[in-house]
Number of protein chains: 2
Amino acid sequence: MKIVAAKKILKANDQLAAENRARFDAAGVLACNLVGSPGCGKTTLLEAVFPHIRPHCAPGVIEGDIAGSLDAQRIERLGVPVVQINTDGACHLDAAMVGAAAAGLDLNAIDLLVIENVGNLVCTAGFDLGEHVRVLVLSVAEGHDKPLKYPAIFQGSHALVVSKMDLVPHTDFSIEEVRAAMRRLAPEARVFELSARTGQGIEPFAQWLLEKRQAHGAA
Amino acid sequence: MKIVAAKKILKANDQLAAENRARFDAAGVLACNLVGSPGCGKTTLLEAVFPHIRPHCAPGVIEGDIAGSLDAQRIERLGVPVVQINTDGACHLDAAMVGAAAAGLDLNAIDLLVIENVGNLVCTAGFDLGEHVRVLVLSVAEGHDKPLKYPAIFQGSHALVVSKMDLVPHTDFSIEEVRAAMRRLAPEARVFELSARTGQGIEPFAQWLLEKRQAHGAA
């Protein structure tokens, strides 16, 4: 019974996700589902990356949180259009929530829509939001064993951002272990090493986002 | 329909949790549900705490992971009895899984059962496993804003362990903000500041666990 219900929910979600994607395509918007653990640095990454991409492309953000609007306030301070979703307990965004939130944005005025998901390495893996790319953030502080323990979210991501690289000297984190795991789980995915705190490695990730956006616009 | 199903599942879970708790009580075992984000340092905390408590009390562990047995191997190396649960995609443990896993342990030979939950700040909050205390681990690297964004898991916890305190000088983490949030969300909960890496603050947390165990055994 539980399984049937889950399948039905996922089927309905996939249909709504396809509708979201068609809407984003019609407006020439590249949609990016940004996932990662609580506190891995998703909002901080956006604060660091947006200054690099804004000369070339207009970003917009949908912020997903269980409660509060702290992250949306941070994005708003950058002058970037943002809509906050409060999931009221739900552990991941779904396509219906994103569709409703997208109605609050002028899609024709933006080129890149970042959907910052709820901090969760598990449940977010199962729900297509209508995005074109999924970017996973893993902070150095979480440890290099996470791909082995949460394989699904790594497998389905187009890029892995290893954040807080400035903390490497204070941990036993091995970037080689992460890269080896990614070669097995998601050989096509790009891996970026960066620190929003120092600015190290932000530029290559910003470039990758811009290239994805350009390739999408040209298609 | 979804809500009804969820309520039924939770009701069944509560019944199984009560059965687990009765089993633990009969064996004089204090059960602790250890929750926190992926990579917050749950297993590392156990590795640091067990040497302090083992002269006084015999621990056992149930390890919950979506995949793999890395954490169970680490516990096994300490010579502590351990059973691994692989949830096969599920984002939290439930009482049925814990009941099945507990059958694989000799409860009469242990005094303290730590149930290390799947790394997840959301879904783990809703499921009673039959524990007597819930301990939440928050790593400094996750940031001090987490209580505002994931209030439910903070509210229901009996102790908050702020881990990786050695990273404070390398972040903008404010322990005062966390303590202020805890005074609002869970005024009864104890807050421990520690670093498993340096050993700082391990002893008071170990003492608290021993006191909880003694009070439980005496009750």
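Modeller: A salt bridge here is a side-chain nitrogen of Lys or Arg within 4 Å of a carboxyl oxygen of Asp or Glu. Residues are numbered from 1 along each chain as its sequence is written, chains are lettered from A and ligands numbered from 1 in the order written, and side-chain values use heavy atoms, leaving out hydrogens and water.

Colleague: How many salt bridges does a search of the whole structure find?

Modeller: One of them pairs A:Asp128 with A:Arg21, at 2.7 Å between the closest N and O atoms. Over all chains, the search gives a total of 17.

Colleague: How many residues apart are A:Asp128 and A:Arg21?

Modeller: Their salt bridge has a closest N and O distance of 2.7 Å. A:Arg21 sits in helix α1 (residues 2-26) of chain A, and A:Asp128 in the loop between β4 (112-116) and β5 (133-139). Helices (H or I, at least four residues) and strands (E, at least two) are DSSP runs, numbered from the N terminus. The pair links distant parts of the chain, with a separation in residues of 107.

Colleague: Is A:Arg197 buried or exposed?

Modeller: A:Arg197 forms a salt bridge with A:Asp166, with closest N and O atoms 4.0 Å apart. The pair ties together parts 31 residues apart in sequence, since A:Asp166 lies in the loop between β6 (159-163) and α7 (175-185) of chain A and A:Arg197 in the loop between β7 (190-193) and α8 (202-218) of chain A. Buried means under 20% relative accessible area, exposed over 50%, and partly exposed in between (1.4 Å probe, protein chains only). At 53%, A:Arg197 is exposed.

Colleague: With which residue does the side chain of B:Asn33 make a polar contact?

Modeller: B:Asn33 lies in strand β1 (residues 30-36) of chain B and is buried at 0% relative accessibility. Contact means heavy atoms within 4.5 Å, and B:Asn33 touches residues including B:Phe127, B:Leu129 and B:Val133. A polar contact is a pair of N or O atoms within 3.5 Å; within protein, one must be able to donate a hydrogen and the other to accept it, and residues adjacent in sequence count only if both atoms are side-chain atoms. At 3.3 Å, the partner is B:Glu131.

Colleague: What rotation superposes chain A on chain B?

Modeller: Copies are superposed by least squares on the C-alpha atoms of residues with pLDDT of at least 70 in both. The RMSD is 0.0 Å, the shift along the axis is 0.0 Å, and the rotation is 180°. The copies are thus related as by a two-fold rotation axis. They meet through the same surface, because the share of chain A interface residues that are also interface residues in chain B is 100%. The rotation asked for is 180°.

Colleague: Over which residues of chain A does pLDDT stay under 50?

Modeller: The mean pLDDT of chain A is 93, and 95% of its residues reach 70 or more. Where pLDDT is low, the predicted coordinates should not be read in detail. The stretch under 50, with one contact beyond four places in sequence, is residues 1-6.

Key. This is a predicted model: local features need pLDDT of at least 70, side-chain atom pairs count only at pLDDT 80 or more; totals for chains, interfaces and linings use all residues. pLDDT is the predictor's confidence in each residue, from 0 to 100.
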